[in-house]
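Me: I have a protein model open and I'd like to get my bearings. Can we go through it together?

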Amino acid sequence: MRDPSNVLTAAGFREHVSEQRYRVMRQPIIDLANGEIHHYEWLVRFKGQGTEGVIRPAEISGVIRDLDLSMLAQAILILNEYPDDPGIAINLSGASVDRENFKPSVLACLTALTASPTKLVLELTESWNMDNIELAESLLSELKSRGHPVCLDDVGAGAASIRYLRALPANWLKIDGAFVAAAYNNKRDRAILSALLSLRDPLDVRFIAEGIETIELLDFVRRLGIDAGQGYALGKPEPENRIK
């Protein structure tokens with residue numbers, strides 16, 4: 001019999017989340033025009049486990065929504081307490097957004113926010129191929145109308161990218177780090193990335209480049225005109241010590 005407290009089981013994952021037996025790290029998103037922190041992305045870490053190996057089973061079982069709502073609630077508390085914080089981005093899994101009962105839970109959480117909605121960025125991950133994209137469109141449109149910046153994560157990483165770009169509203173598009181590195185090394189990928197960047201004005205979006213681990217990559221994305229960057233060359237993840 002599997003240990004029900006094992007984070008890889010649905011019951012164990014729920015237990016870890018309800019007791020906050022995970023670490024929150026924050027990594028800066030840097031405005032490449034001025035070098036200042038635009039906002040932080042919150043990242044979750046489970047002791048003794050790789051994040052992807054924990055998240056995927058939670059998405060399959062549906063309990064990932066517990067983590068999404070927990071991170072949202074904690075971000076709201078921090079932003080309320082530190083209104084001068086540049087901003088926090090939290091991830092919403094497509095496996096959560098794909099469920100009908102998720103939107104009311106998110107909106108109920110947001111009633112506690114007293115800080116500016118512009119400080120709370122909601123980032124939709126592409127790790128889950130959504131069946132009901134209309135639910136995602138409804139939630140993200142509502143969030144955007146309330147003044148929350150919406151970001152589509154991992155653009156260029158999977159087959160769903162174009163489908164999501166066509167259907168979902170966004171303020172930010174985050175370019176997958178592997179795609180950025182490929183574009184640096186390969187003329188064909190660079191042409192595709194440049195074409196994607198040409199959508200900035202027609203779609204009224206800005207771009208974040210992930211995986212900026214070297215000065216060479218940083219110089220490359222700056223030359224391309226990408227708006228913001230994330231990676232070790234700009235700032236490593238650090239513990240979010242303000243969480244009580």
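Reply: We'll go from the overall fold to helices, single residues and salt bridges.

Me: What should I know before we start?

Reply: This is a predicted model: local features need pLDDT of at least 70, side-chain atom pairs count only at pLDDT 80 or more, and totals for chains, interfaces and linings use all residues. Residues are numbered from 1 along each chain as its sequence is written, and side-chain values use heavy atoms, with hydrogens and water left out.

Me: How many helices and strands does the protein chain have?

Reply: There are 11 helices and 9 strands. Helices (H or I, at least four residues) and strands (E, at least two) are DSSP runs, numbered from the N terminus.

Me: What is the radius of gyration?

Reply: The protein chain has 18 Å. A compact globule with 244 residues would be near 18 Å, so the two agree. The radius is taken over C-alpha atoms, and the globule rule is 2.2 Å times the number of residues to the power 0.38.

Me: What box do the C-alpha atoms fill?

Reply: Roughly 50 × 40 × 35 Å, taken along the principal axes.

Me: What share of the residues is buried?

Reply: Buried residues make up 50% of the 244. Buried means under 20% relative accessible area, exposed means over 50%, and partly exposed is in between (1.4 Å probe, protein chains only).

Me: And the accessible surface, how much is there?

Reply: About 11,600 Å², with 51% belonging to carbon and sulfur atoms. The areas come from the Shrake-Rupley method with a 1.4 Å probe; for residues, only the protein chains shown count as cover.

Me: Helices next. Which residues of H5 are buried?

Reply: H5 covers residues 102-110, and Phe 102, Val 106, Leu 107 and Leu 110 are buried there. Seen down the axis of H5, they fall within an arc of 130 degrees, so they line one face of the helix. The arc is that of the directions from the helix axis to the C-beta atoms.

Me: What do they pack against?

Reply: The buried residues of H5 pack against H3, E3, helix H4 (94-97), strand E4 (120-124) and helix H6 (133-145). Contact means heavy atoms within 4.5 Å.

Me: Which residues are buried in H1?

Reply: Gly 12, Phe 13, His 16 and Val 17. They cover an arc of only 135 degrees around the axis, which puts them on the same side of H1. Their cover includes helix H2 (51-61) and H3. H1 is followed by Gln 20, whose phi is positive, near 50 degrees.

Me: Where is Leu 67?

Reply: Leu 67 is in helix H3. Its relative accessible area is 4%, so Leu 67 is buried.

Me: What does Leu 67 touch?

Reply: Leaving out residues up to four places away in sequence, Leu 67 touches Phe 13, Val 17, Tyr 22, Val 44, Phe 46 and Ile 55.

Me: Let's switch to Gln 230. Where does that one lie?

Reply: In the loop between strand E8 (228-229) and E9. Gln 230 is buried because its relative accessible area is 4%. Its side chain makes a polar contact with the side chain of Lys 174 (2.8 Å). A polar contact is a pair of N or O atoms within 3.5 Å; within protein, one must be able to donate a hydrogen and the other to accept it, and residues adjacent in sequence count only if both atoms are side-chain atoms.

Me: How many salt bridges are there?

Reply: The structure holds 14. A salt bridge is a side-chain nitrogen of Lys or Arg within 4 Å of a carboxyl oxygen of Asp or Glu.

Me: Which residue pairs with Asp 66?

Reply: Arg 14, with the closest N and O atoms 3.1 Å apart. The pair links distant parts of the chain: Asp 66 is in helix H3 (residues 64-81) and Arg 14 in helix H1 (residues 10-18), 52 residues apart. Asp 66 has 22% relative accessibility, so it counts as partly exposed. Arg 14, at 42%, also counts as partly exposed.

Me: And Asp 85, what is its partner?

Reply: Asp 85 forms a salt bridge with Arg 242, the closest N and O atoms being 2.7 Å apart. They sit 157 residues apart. Both are buried.

Me: Which residues form a salt-bridge network?

Reply: Arg 26, Asp 85, Glu 238, Glu 240 and Arg 242 are linked in one.
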